[in-house]
Amino acid sequence: MPDEPERLQDMAVEGPTRRSRLRLGRRGRDAQQPEPDETPRPYAETRLEDLVVITGYSGAGKSTAMNVFEDAGYFCVDNLPPEMIRALVELFVHEGSKVERAAVVSDVRGGDYFEALRAVLEDLEALGLRHRVLFLHATDDAILTRFQETRRRHPLAGASTVERGIALERAVLEPIKGLADVVIDSTGLKAHMLRRRIADEFLPRVPASKLAVSLESFGFKHGPARDADMVLDVRFLPNPHYEPDLRPLTGHDQRVVDYVGRDGQLEAFYERLEPLLDYLLPQYVAEGKAHLTIAVGCTGGRHRSVAITEYLARRWRERDDVFVEITHRDISHADRRDGDRGPS
């Protein structure tokens with residue numbers, strides 16, 4: 001028997017065969033059109049408002065596309081064979097489902113592809129389920145370069161070369177392009193540019209400037225901050241740990257804030273930090289970032305870092321382009337006499 005790439009290529013050359021539509025939710029190849037007395041489910045009443053099917057060439061940016069929809073709150077599934085889309089949609093439109101927006105990636109990794117995907121899309125159309133198809137492609141040279149950079153094997157290459165896999169995939173996918181609602185050529189696009197292009201095409205209602213900012217205070221002596229995009233070390237500021245009356249308090253107390261800012265260093269710090277962050281946040285948004293984590297660290301994570309985190313949160317909560325959440329990782333750690341050796 002011919003191997004998988006050759007079978008896919010033969011299928012593309014022969015073109016789509018005449019196929020009876022399968023009713024959504026029916027299983028097996030013998031499931032035919034509904035009987036005359038059967039009535040399709042009222043999908044107009046489902047909570048599922050948008051279903052996006054992402055397909056296209058390997059290396060053309062499908063993973064990047066999936067990240068865009070995931071950041072926008074879509075329920076996302078990667079590498080889903082076309083026939084499995086039926087079962088998944090059946091779950092989405094079930095009366096108890098809470099899924100309102102979903103995105104699935106389906107491509108040649110799923111095996112039987114062209115005929116199966118075409119039939120699924122026809123079913124969705126016939127049943128009146130709102131859906132859109134995004135097709136991503138790029139030039140052979142661009143795809144080859146990306147595979148060389150990642151050193152990954154092309155899914156259709158088998159024991160052959162990446163060039164052979166690209167050629168086989170192109171033969172299979174070209175007919176699918178005509179079924180897409182949006183076709184994007186990712187050649188020459190950096191990841192953030194592709195994210196913005198996809199968001200502009202599919203997410204017109206999502207504010208492009210909205211950024212979720214997580215502010216986390218922590219203590220270096222309890223370990224470094226994890227998964228932070230930016231870390232601010234504020235151990236240069238006066239340390240309330242060495243004041244017996246302030247040691248039991250935290251950065252939530254105004255007496256601690258006043259002590260940290262008593263010699264003007266805190267104010268001078270804010271004067272330099274705020275313009276920097278005001279500049280950086282829009283740059284992260286333009287780059288396509290949806291979430292930013294800023295960690296503020298002092299020695300114990302109870303005084304200085306807490307006070308500064310609270311200050312930044314109050315400032316940014318006044319803006320309508322930023323969503324702010326706060327975590328004080330080490331504020332509950334028992335205070336000990338092992339703080340800084342004094343302000344530096």
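Axes are lines fitted to C-alpha atoms, for helices over the stretch in contact, and angles run from 0 to 180 degrees between N-to-C directions. The structure described here is a predicted model, in which local features need pLDDT of at least 70 and side-chain atom pairs count only at pLDDT 80 or more, while totals for chains, interfaces and linings use all residues. Residues are numbered from 1 along each chain as its sequence is written, and side-chain values use heavy atoms, with hydrogens and water left out.

The protein has ten helices and nine strands; helices (H or I, at least four residues) and strands (E, at least two) are DSSP runs, numbered from the N terminus. Of the 344 residues in the protein, 45% are buried, where buried means under 20% relative accessible area, exposed means over 50%, and partly exposed lies in between (1.4 Å probe, protein chains only). Contact means heavy atoms within 4.5 Å. Among contacts between residues at least 6 apart in sequence, 79% join residues at least 24 apart.

Two packed helices are described by the angle between their axes and the distance between the axes. For helix 2 (residues 62-71) and helix 7 (residues 191-202), the axes come within 9 Å and cross at roughly 55 degrees. Helix 2 is therefore oblique to helix 7; angles under 35 degrees count as roughly parallel, over 145 as roughly antiparallel, 65 to 115 as roughly perpendicular and the rest as oblique. The crossing of these two helices is right-handed, a crossing being right-handed if the near helix is turned clockwise from the far one by less than a right angle, and left-handed if anticlockwise. From helix 2, T64, A65, N67, V68, F69 and D71 meet A191, L194, R195, I198, A199 and F202 of helix 7. The residues of this contact comprise eight nonpolar, two polar and two charged; Ala, Val, Leu, Ile, Met, Phe, Trp, Tyr, Cys and Pro count as nonpolar, Asp, Glu, Lys and Arg as charged, and the others, Gly among them, as polar.

A second pair consists of helix 9 and helix 10 (residues 304-316), which pack at an angle of about 50 degrees with their axes 12 Å apart. Helix 9 is therefore oblique to helix 10, and the crossing is right-handed. On helix 9 the contact involves L266, F269, Y270, L273, E274, L277, D278 and L281, and on helix 10 it involves A307, I308, Y311, L312, R315 and W316. Eleven of the contact residues are nonpolar, none is polar and three are charged. The buried residues of helix 9 are L266, F269, Y270, L273, E274, L277, L280, L281 and V285. Helix 9 is followed by G288, whose phi is positive, near 100 degrees.

Individual residues were also examined. H137 lies in strand 4 (residues 131-137) and counts as buried because its relative accessibility is 15%. Apart from its neighbours within four places in sequence, H137 is in contact with Y57, A60, K177, V183, I184, D185, S186 and T187. T250 is found in the loop between strand 7 (230-233) and helix 8 (254-260) and, at 15% relative accessibility, also counts as buried. With neighbours within four places in sequence left aside, the contacts of T250 are V256, R302, H303 and I331.

Most residues other than glycine have a negative phi. N79 is not a glycine, yet has a positive phi of about 55 degrees. This residue is placed in the loop between strand 2 (75-77) and helix 3 (82-92), and N79 counts as partly exposed because its relative accessibility is 36%.
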